[in-house]
Amino acid sequence: MNVALRTDAETYCDALLRPGNTNCAGCGMSLGLRWLDEALGGEKPFMVIPACCGIVTAGAFPTSAYGAPTAASTFASAPAVASGISAVADLNDEDSVTVCWTGDGGTYDIGIATLSAAAERNENILYICYDNEIYGNTGGQRSSATPEGVRTSTTPRGKSERKKDMMAIMIAHRIPYAATLSIAHRDDFLRKVRVARKTRGFRFLLLLSPCPTGWKAEAEQSVDLIDAAVRCGLFPLYEVFDGVRYRINVRPDGTPVDQYVAGQRRYTGIHTDGSALHARIDEQWRLLNVLAEAFPADGRSA
Amino acid sequence: MPRALVTGNHAAGHALAVAGEANRCARGCAGGAYPITPQTEIIEFLRDYSFTRGRIVPVESEHSAMGVCIGASLAGARAFTASSSNGLAYMTENVFAAGYYRLPIVMIAVNRTLGPPWNIWVDQGDSLALRDAPWLQFYTESHQDLVDTILLAFRVAEDPRVLLPALVAMDGFVTSHTQMVVDLPELSQVDRYLPACRVPHQLRRDHAVTFGGLTWPRETERHRRDIQQAMEQVPQVLAEAIDEFEKVFGRRPHGAISAEHTADAETVLVACNTMARTLRGVVGARRRKGERIGMIKSKLFRPFPRAAILAATAAAKRVGVLDRNHSPGSGGIFWQEIAATLHARPDVLVQDYLVGLGGGDVTPQIIDEIIDDLARRTAAADPVWKEVAA
Ligand SMILES: Cc1ncc(C[n+]2csc(CCOP(=O)(O)OP(=O)(O)O)c2C)c(N)n1
Ligand code: SF4
C-alpha cells in the first residue's frame, strides 16, 4: 500500500479532533471523535454542537479544535439547527453528512422535544449522544441519564431515580437506524458509524462516554471501564433498524458488575457489591432478548 | 403589480414566499413553522407554497423554528419565519443567537399581548421585549406598508454592511385579520429587487471553523461593537433600499419614520402600527382647525432613528408618545427611546401615554383626549394610563 507521508501539522489540521483540545485526559469524547473521523474516512461532516463539554473542546475563538465546519447551537437546539443545515444541503443536492454531537443533558433533558421532533420528521441527520451520565460542562450535576444511586453535585446522597432508557425512546420513533457505541469495541464502533453514514434519514447513536472528572475515575481506566460495562451487561451493544429489527452485537460474558463500579468513586457507598445493579441488568436483558427474538434484524445486511 | 384584496397575514405570507422563491437560483430558502394566533395563517401560507428550492420545516416549537432558520441561514439559504406573543417569548434564546451569529433572517411578528392571562389582542410588548436582541425592528401601519417593509427588510438585512436579522411587526387582528387592497409584488419584480442571498460566513465543507464557540471579553467587546456599527449603517442602507424599491416597483415605501406636518408643529405625537393611522386622521382634523400639530409614524425601532426624530421635532415644544406596551417599573418603551433622544432638548415636554394595552380600541376620540391633556400640561409627569372602553 502506498501511504503518502504527511507532516504532523497536516495530520493535525485534517483531523476531526485536533490536538490542543481541552478534553480532560481519558474523556470518552476524544476516542469517540477520532473513531468517528476514521469511520467517515476523512469526509468532513457539518458538526452541530450544543452547549456541553463538546463545545468547550473547540477552544476559544478564533481557534477551532474541530477540523470540520462546526456550529455551536443553543443547548436545546442542535437537531433544529441541523435540520436547517441538512435541509439546505438536500435542496442543493449535496451529499454531505450533518452530525449532531451532544451530551446527555442536550439529549435526554433540555433537547428531548427538539430531538424527538427531528426524529419524527426523519430529518437527514446523524445524531450522536456522548452520554457521560452527568452535566460535565457545569461541573457534574445529575441528568436523567445519571444512573440510580450515583452521586453527583446535585444528588449528594445518590440519585433516587432510574436512568432514562433513551434508546427505547428513539427506537419508538421508528427511525431508520439506532445503535449503541463503545470505545472498547473499535470494529463494532466503526462499522456502526459506516452503516449510519450510508443510511438516509434520522440516525441515532448512543456512546457511553467515560468522564473521569465526573465519574471520579482514573483517566487510564476509561477504556477498561467501558469494556467492563459492556461485558457485565450494563451497557448492551445493539442496533435497531427502522425501530423494529433488532440485532444484539455483544452479549454479557459473566464479568461481574463490580469491575465497572469499583473503579468509580461516584458509586462509592452506594452499590459496593453491585447487587442492586444485577436486577436492573437482568431486567434489561430479558426485555432486549424478547425484542430481538420477536423482531430480528436477520436478512438485513449491516 | 397585481392589486388584490387580502388580509395582513396573507400579504405577509405572500411577501415572504416570493422573497424565498426569488433565491431559487442561489441556495434556496428555508424556515421553521409553528402556529400561534394571530400569526398562524402566515405559516400555513408558507407550508402551502410550492417553492422551487425551498423547505418550510414544521417544527415542534418556536425555539426550533428559529433553530431551523439559524441552520438554514448558516448553510447559505434565505431564511424566515413568523410568530407572536408567547411564541416570541419562547423563541427568545434563539432570537439572540441568530443575531449574534450575524444571520440575515427575517421574522414577522404579529403583535399580541403576552400572557398568561391569555389575551390574543394586539399589544407591542411581545416584539419590544426583544429590543435588546441584535435585530432590526420595523413596525408597520398598513397591509401595503407591511409588504413593502418585508422586502426592504430582506434587502437591508442581507446587505454586507448590515448582516443582521430583521423583525417586521404588524398589529394582531387589526392588520393580520382585516383585508385591504394591496399591490402584491410579483416574483419577476422581486427577482430584480433582491440580490441572491449571500451569507459570507456560510458553513463550507472545506473550511474548518467553529461558529459560536468560546470568546474572551476582548473578542466579545469587538463583536458587540461590530454589531453596533452595523446598526449604524442601517439608515443609509435603508435609504438606498427605498430608492431602489421605487425604481423596481414604481412606488415609494415609507421610510424609517414618517414625519407629517412637523415643520412648524409645536405639538408632535408619536405612534407606531395602526395607531399611527388613527392618529393621522386626528392630526389632520386639528390642523384644518389651525393647530400647529404634527406627528411621527415610527417605523424603524432598531436601530432607533435618533437623528430623524431630532430633526422632526426641531420646532416642537410638546411631544406626546402613544405606547401600546408596558415595561413594568418604567413605562412605555417608545417613550423611553424618545425621552432619551430628546434629552438634549430640555425645552421640550415629553409625555408618555400608555394606551390600548391588551388590544383596547384606540379611537380618534381617545387620541383627541390625549392631545387635550398634553396641551394642558406645564411639565412632564410619569407615564399616564389612558384607559379605553372594553
Ligand atoms: C438554556 C441553557 N441552560 C443552561 C445552560 C448551562 N449549561 C451549559 S452546558 C450544560 C450541561 C451540559 O451537559 P451535557 O449535555 O450532559 O454535556 P456535558 O457537559 O456533560 O458534556 C448546562 C446546564 C445553557 N448553556 N443553556
Ligand atoms: S468533564 Fe468529563 S466530559 Fe467534560 S471534557 Fe472532562 S472528561 Fe470529558
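The largest pocket of this predicted model has a volume of about 1,000 Å³. A pocket is an open set of points on a 1 Å grid over the protein atoms alone, where a 1.4 Å probe fits, with protein on both sides within 12 Å along at least five of seven lines; lining residues have an atom within 4 Å of a point. The volume is the space filled by probe spheres set on the points. Of its 34 lining residues, Phe61(A), Tyr100(B), Gly212(B), Thr215(B) and His223(B) are the closest to the centre. H8(B) gives the most to this lining, with seven residues. The lining divides into 16 nonpolar, 12 polar and six charged residues.

The second largest pocket holds about 760 Å³. Its lining counts 33 residues; Lys163(A), Lys164(A), Asp165(A), Leu234(A) and Gln284(A) are the closest to its centre. H12(A) contributes the most, with eight residues. By class, 21 residues are nonpolar, two polar and 10 charged.

Charges also sit over rings (NZ of Lys or CZ of Arg within 6 Å of the ring centre and within 35 degrees of the ring normal). Arg266(A) lies over the face of Trp215(A), 4.1 Å from the ring centre. Arg155(B) has its charged end over Tyr193(B), 5.0 Å from the centre of the ring.

Tyr139(B) and Phe301(B) are both buried, that is, under 20% relative accessible area (1.4 Å probe, protein chains only).

Residues are numbered from 1 along each chain as written, and chains are lettered from A. Local features need pLDDT of at least 70, side-chain atom pairs 80 or more, while totals for linings use all residues; side-chain values use heavy atoms, without hydrogens and water.

Terms used
Buried < 20%, exposed > 50% of the residue type's maximum accessible area, 1.4 Å probe, protein only. Helix = DSSP H or I, 4+ residues; strand = E, 2+ residues; numbered from the N terminus. Nonpolar A, V, L, I, M, F, W, Y, C, P; charged D, E, K, R; others polar.
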